[in-house]
Amino acid sequence: MGLISGHKGNIRQIFSLGLHSAAIIAFQLALMQLISIVQWHHFAYMIISVAMLGFGASGTLLALARERLIRSSSWLVPILMTISGFFMIVSFEITRLDFFSFDVFLLFVDRSQFLILAANYLIYFVPFFSGALAIGILFIKHSRQIGTYYFSNLLGSGIGGLFFLLLFGNIMPQHVPAVIGLLSVVAGLISLVKRKALLHLAIVLLAVVSSFLLMRTQDRISVSQYKSLARALNLPDAEIMHRQPSIHGLIEVVSSPALRFAPALSLNFTGEVPVKKNVFVNADFFGVVPHFDVKADSHILDHTTQALPWIMQGRNKVLMLNAGEGAPLAHAFAYNPERVDVVIPNSSFVEMMQQEFAEESGNLFLHEELQIYAIEARNFLASKPPQGYDIIVLPQQGTFGGAAGINALRESYEMTLESFDLMWNHLDQDGVITITTWIDYPSRASLKILATLVQTAKNKGVADPSAHIAALRSWGNVTFVLKKSPLSPEEIKNIRGFASSKFFDPLLLPDLQKEERQQFNVVGDQSFFQYIDQIMTGDEEIFSDYGFVIRPATDDKPYFSQFLRLSQLRHLNEIFGGDQLPFLELGYLIVVITLVQSTLLALIFIILPLLRLRKSQKGKTGTLLYFGALGIGYMFVEIILIQRFVLYFGHPVFSIAAVISTMLIASGMGSLTSGKLPATAKTTAFFGLIVTLFLTGYLLLLTPVMQGTIASPVSLKILISLLLIGIPSFFKGMMFPLGIRYLSDYDVSQVPWAWGINGSVSVISTSLAMLIAVEAGFMVVMGIAVVCYSIAFLTFLFHNLFFRKPHVMTGLDL
């Protein structure tokens with residue numbers, strides 16, 4: 001507090017800066033969640049890019065009109081904060097208007113959707129630009145005290161991440177921006193001055209009235225017509241009968257007499273197909289409200305391929321991973337197991353089933369033999385000693401008709417080779433791992449699942465995986481079983497008998513005859529069976545020759561549902577056509593589009609305007625290298641830490657907020673400390689070296705440390721996390737303010753230029769980091785971050801080469 005108290009005249013500005021910064025980061029996180037509801041989670045990267053675009057563009061304006069903005073700063077900064085708050089409140093509502101409504105599935109059919117998407121970019125750009133401009137003015141005006149102001153900015157941002165968690169767990173998502181925006185409005189009022197006071201108060205009144213009106217609305221969020229919730233609501237007499245906010249997402253339960261549960265039923269099924277209420281999280285199908293009846297003779301899933309592991313032999317000890325859908329759980333209890341452990345990360349769903357829908361589900365989630373664990377599946381597997389399960393059930397993969405690659409960039413740590421290795425260790429000697437997938441065309445998920453099972457068996461020393469794997473195929477599903485011991489003759493007999501009675505075809509059995517594969521469900525394209533056999537025989541060429549990525553996912557590249565191979569785009573386009581290809585792997589292409597659009601907007605709003613500053617262009621090499629490297633490096637490290645700690649803690653939302661908040665608060669502390677240090681080239685280079693060494697250590701040690709401590713008590717894991725995230729972030733927080741203070745002495749006109757460069761590279765860094773992670777893995781992304789901080793270090797180590805003041809013409813030159 002000593003440094004802050006030295007600026008008593010600016011204490012209001014420092015406090016308002018922190019409050020405003022909290023609003024900006026909370027608004028960014030809120031938009032990411034809202035866009036995930038309306039569209040899909042891929043557009044979260046768009047929001048991050050738009051936020052960074054706002055910061056970069058504000059730096060450009062500061063570079064072009066620095067003196068004028070500084071002169072007006074006393075009244076302009078609070079008004080900008082208030083304007084930012086107002087647009088936080090209304091921007092999402094504006095994009096919900098029909099004129100600005102876009103749909104990701106129409107992007108490649110209706111080209112005008114690209115213009116609407118660009119309009120959405122600009123609408124969301126306004127609150128970030130005006131808010132960042134207020135911050136930038138304060139930074140430049142007080143560049144010699146940048147440590148204090150940067151500390152307030154980062155501390156407020158860290159607190160904003162935690163505030164977001166509080167809001168989203170307690171109020172409806174569409175109301176969250178109306179609350180967050182008021183923080184910036186209050187921040188502006190704290191810094192209110194007499195000049196332009198009437199204008200300022202008018203904007204405040206408009207913002208408060210808008211927030212009040214939006215908070216009173218009870219309408220639901222309109223989502224893409226292609227999302228599961230929208231399709232369900234198109235059914236006769238469909239209605240949302242239950243809705244609740246949660247930190248895991250918006251939970252909605254839909255009822256309709258037409259919502260019948262028939263997951264690829266046997267063609268000879270003659271019973272009544274049950275009506276089930278459907279559960280949606282963020283408008284995506286999550287499962288059904290099951291009904292458990294101890295008196296029932298059979299379960300509906302007995303007439304699907306999912307019954308395969310249950311008919312092989314009895315199962316007493318059951319583990320169900322990520323069992324959001326309750327139907328397989330009710331199915332398991334139909335076989336009278338002695339114990340069932342269920343891993344369901346969404347604790348809010350569990351509470352709903354134990355309370356509001358307890359009676360309707362037959363008290364299934366209160367069953368005395370049931371133990372529920374509200375963590376991620378992978379975290380459970382790593383933190384528990386081997387349990388000797390008779391069966392481990394994984395959730396069904398894909399969707400009926402294909403998922404269009406919507407989940408391509410969703411990390412699926414439960415589907416990596418490392419995860420299957422842990423599952424194997426948890427099995428009893430005769431235990432099985434089972435997984436079902438919807439049949440897709442071209443074949444992708446089924447081939448990748450099989451490749452994962454085969455490689456798992458080989459990794460565990462199984463010489464002949466074909467003796468341990470069985471699979472059944474219906475008209476819509478394929479169910480695989482991997483057994484720890486070889487399949488017995490009795491089990492093989494049971495499988496054949498069950499398949500014949502239900503009109504299913506054996507896909508894999510130790511003594512399978514080719515003619516058995518198409519007795520009831522004939523397919524025209526026989527290549528599917530060829531690919532299956534290639535994988536079973538260990539033919540590695542299929543992984544390089546096949547048009548899609550079917551190599552098993554790993555912890556370094558945990559994107560099980562990412563099948564698109566960029567090198568095959570032209571070939572796939574020739575086969576399926578330009579209008580059809582996007583619907584096979586839409587999710588990955590969305591991030592590519594986001595990267596292209598954000599790069600173009602960064603060029604228009606940041607780079608091109610900065611090129612007007614030609615008169616001192618020669619002196620900017622060091623500024624470009626240093627602040628550009630910081631922008632890329634910081635974002636790349638953030639992306640990697642988020643991914644790693646999602647796996648470490650097993651709670652994605654908490655992990656994301658914790659990583660971002662810890663990084664920002666620790667960086668803020670580093671910024672505050674940097675104010676006590678001399679802003680020399682030697683000092684800046686020293687801390688650049690420190691960060692580079694820390695990140696190099698991450699490359700070598702982060703994964704082993706996390707794997708070795710993942711089973712530790714939560715308190716110890718929190719301490720380890722604070723050390724792993726906080727220490728390097730503390731030193732990273734020093735580098736930006738030290739660079740700004742150095743520039744203030746070297747050439748103060750370059751300070752806004754540095755702000756703009758840092759923002760411009762940050763615009764593209766998020767999407768770029770994800771694309772690199774998908775193609776090359778997380779460790780490559782971290783390696784690039786090390787290179788970036790090395791560049792920042794070398795820029796100041798050899799500062800005489802990079803920071804040369806432009807030559808000023810004198811009379812002697814004439």
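Start by selecting helix α26 (residues 751-776) and helix α27 (residues 778-797), which pack at an angle of about 130 degrees with their axes 7 Å apart. Helices here are DSSP runs of H or I with at least four residues, strands are runs of E with at least two, and both are numbered from the N terminus. The axes are lines fitted to C-alpha atoms, for helices over the stretch in contact, and the angles run from 0 to 180 degrees between N-to-C directions. That makes α26 and α27 oblique to each other; angles under 35 degrees count as roughly parallel, over 145 as roughly antiparallel, 65 to 115 as roughly perpendicular, and the rest as oblique.

Before you click on, a word about what you're looking at: this is a predicted model, where local features need pLDDT of at least 70 and side-chain atom pairs count only at pLDDT 80 or more, while totals for chains, interfaces and linings use all residues. Residues are numbered from 1 along each chain as its sequence is written, and side-chain values use heavy atoms, with hydrogens and water left out.

Now show side chains where the two helices meet. On the α26 side, pick Ala-769, Ile-772, Ala-773 and Ala-776; they meet Phe-778, Val-780, Val-781 and Ile-784 in α27. Contact means heavy atoms within 4.5 Å. Which classes of residue make up the contact of α26 with α27? There are eight nonpolar residues, no polar ones and no charged ones. (Ala, Val, Leu, Ile, Met, Phe, Trp, Tyr, Cys and Pro count as nonpolar, Asp, Glu, Lys and Arg as charged, and the others, Gly among them, as polar.)

**Aromatic rings**

Next, colour the aromatic rings: the structure holds 30 aromatic pairs. Rings of Phe, Tyr and Trp (its six-membered ring) pair if their centres lie within 6.5 Å; planes under 30 degrees apart count as stacked, over 60 as edge-to-face and the rest as tilted. Zoom in on Tyr-531 and Tyr-546, an edge-to-face pair at 4.8 Å centre to centre, with 70 degrees between the planes. This pair links distant parts of the chain, 15 residues apart: Tyr-531 is in helix α18 (residues 527-536), and Tyr-546 is in the loop between α19 (541-545) and α20 (569-576). Tyr-546 is buried, at a relative accessible area of 9%. Buried means under 20% relative accessible area, exposed over 50%, and partly exposed in between (1.4 Å probe, protein chains only).

For a stacked pair, go to Tyr-742 and Tyr-746, at 6.2 Å centre to centre and 20 degrees between the planes. Tyr-742 and Tyr-746 are about one helical turn apart because they sit four residues from each other in helix α25 (residues 714-746). Tyr-742 is buried at 14% relative accessibility, and Tyr-746 is buried too, at 9%. Then extend your selection to the cluster that ring pairs link together: Phe-139, Tyr-150, Tyr-626, Phe-627, Phe-736, Tyr-742, Tyr-746 and Phe-796.

**Lysines over rings**

Jump to Lys-196, whose charged end sits over the ring of Trp-75, 5.2 Å from its centre. The rule for this is NZ of Lys or CZ of Arg within 6 Å of the ring centre and within 35 degrees of the ring normal. Lys-196 lies in the loop between α8 (176-190) and α9 (197-216), is partly exposed at 39% relative accessibility, and has a positive phi near 60 degrees. Most residues other than glycine have a negative phi, and most peptide bonds are trans. Another lysine to select is Lys-448, which lies over the face of Phe-560 at 5.5 Å from the ring centre.

**Backbone stops**

Phe-503 also has a positive phi, near 65 degrees. You'll find Phe-503 in the loop between α17 (489-502) and β12 (505-508), partly exposed at 33%. Then try Tyr-441 and Pro-442, joined by a cis peptide bond with omega about 0 degrees. Pro-442 is in the loop between β9 (427-438) and α16.

**Buried spots**

Stay with helix α16 (residues 445-459) and pick Thr-456. Thr-456 is buried at 2% relative accessibility. Leaving aside neighbours within four places in sequence, Thr-456 is in contact with Leu-417, Phe-420, Asp-421, Trp-424 and Leu-482.

Finish at helix α12 (residues 326-333). How many of the residues of α12 are buried? Eight of its eight. These buried residues pack against β4 (284-288), α11 (308-312), β5 (317-320), β6 (339-343) and β7 (370-373).
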